[in-house]
Amino acid sequence: AGGRLKYAGIEKVAQETAKIVSASFQGLFVVVTLPMNILLLVKMRELQMKNKTLYKRERMYLHYVIAITAAHIRCVVLPYAYPNTITTFTSPIALIAISKHFRNGIRLSISRSSHGSFTIESA
């Protein structure tokens, strides 16, 4: 009822307590990492101006950190809409998405899918 998932055998008070504890830890994560992310953005901007080669290598980490923090912020703002799933799977999906080798393999797969089979060499 009310669109909430009910767990058999677990009292409502225990469920609500677990949600409050989980949301508290998610909130603590955001409070700690948000200033660090802002500092990271400032430092990356400085690096972009000083050393473009290093910036290009390091910016994938920036994207990863922002994705993880955004997932946790989303879970703090909307704590009842699958928060554990989102925070659990954001990290590996972000790592795969920022992998240049993976993206190149996907591009190759899409571009050659109409030409039959192919192989991708690993690094």
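How much accessible surface does the chain have, and what percentage of it belongs to carbon and sulfur atoms? The accessible surface comes to about 9,500 Å², and 66% of this belongs to carbon and sulfur atoms. Accessible areas come from the Shrake-Rupley method with a 1.4 Å probe, and for residues only the protein chains shown count as cover.

The model is predicted: local features need pLDDT of at least 70, side-chain atom pairs count only at pLDDT 80 or more, and totals for chains, interfaces and linings use all residues. Residues are numbered from 1 along each chain as its sequence is written, and side-chain values use heavy atoms, with hydrogens and water left out.

**Overall architecture**

The chain contains 4 helices and 0 strands, and its elements follow the order α-α-α-α from the N terminus. Helices (H or I, at least four residues) and strands (E, at least two) are DSSP runs, numbered from the N terminus. Of the 123 residues in the chain, 18% are buried; buried means under 20% relative accessible area, exposed over 50%, and partly exposed in between, with a 1.4 Å probe and protein chains only. Among contacts (heavy atoms within 4.5 Å) with a separation of 6 or more, 45% join residues 24 or more positions apart.

UniProt, in an unreviewed entry, places the feature "transmembrane region" at residues 20-40 and 61-82. Such positions are given in the numbering used here, feature names are shortened, and annotations may be inferred rather than shown by experiment. In the model, residues 20-40 are 100% helix and 0% strand, and the end C-alpha atoms of this span lie 30 Å apart.

| Residue | Relative accessible area |
|---|---|
| Gln 26 | 9% |
| His 72 | 14% |
| Leu 47 | 19% |

Gln 26 lies in helix 1, whereas His 72 is found in helix 2. Leaving out residues up to four places away in sequence, Gln 26 touches His 72, Cys 75, Val 76 and Thr 87. With the same exclusion, His 72 touches Gln 26, Phe 29, Val 30 and Thr 87. Gln 26 and Thr 87 are 61 residues apart along the chain, and their C-alpha atoms are separated by 9.4 Å.

Leu 47 is placed in helix 1, which spans residues 12-50. Why does Leu 47 count as buried? Leu 47 is buried because its relative accessible area is 19%. Apart from neighbours within four places in sequence, Leu 47 is in contact with Lys 52, Leu 54, Tyr 55 and Glu 58.

A pocket is found on a 1 Å grid over the protein atoms alone, as an open set of points where a 1.4 Å probe fits, with protein on both sides within 12 Å along at least five of seven lines; lining residues have an atom within 4 Å of a point. The second largest pocket has a volume of about 190 Å³, a volume being the space filled by probe spheres set on the points.

Which helices supply at least two residues each to the lining of this pocket? They are helix 2 (52-77), helix 3 (83-98) and helix 4 (100-112). Helix 2 gives the most, with 5 residues. The lining includes Lys 56, Arg 57, His 63, Ile 98 and Arg 103.
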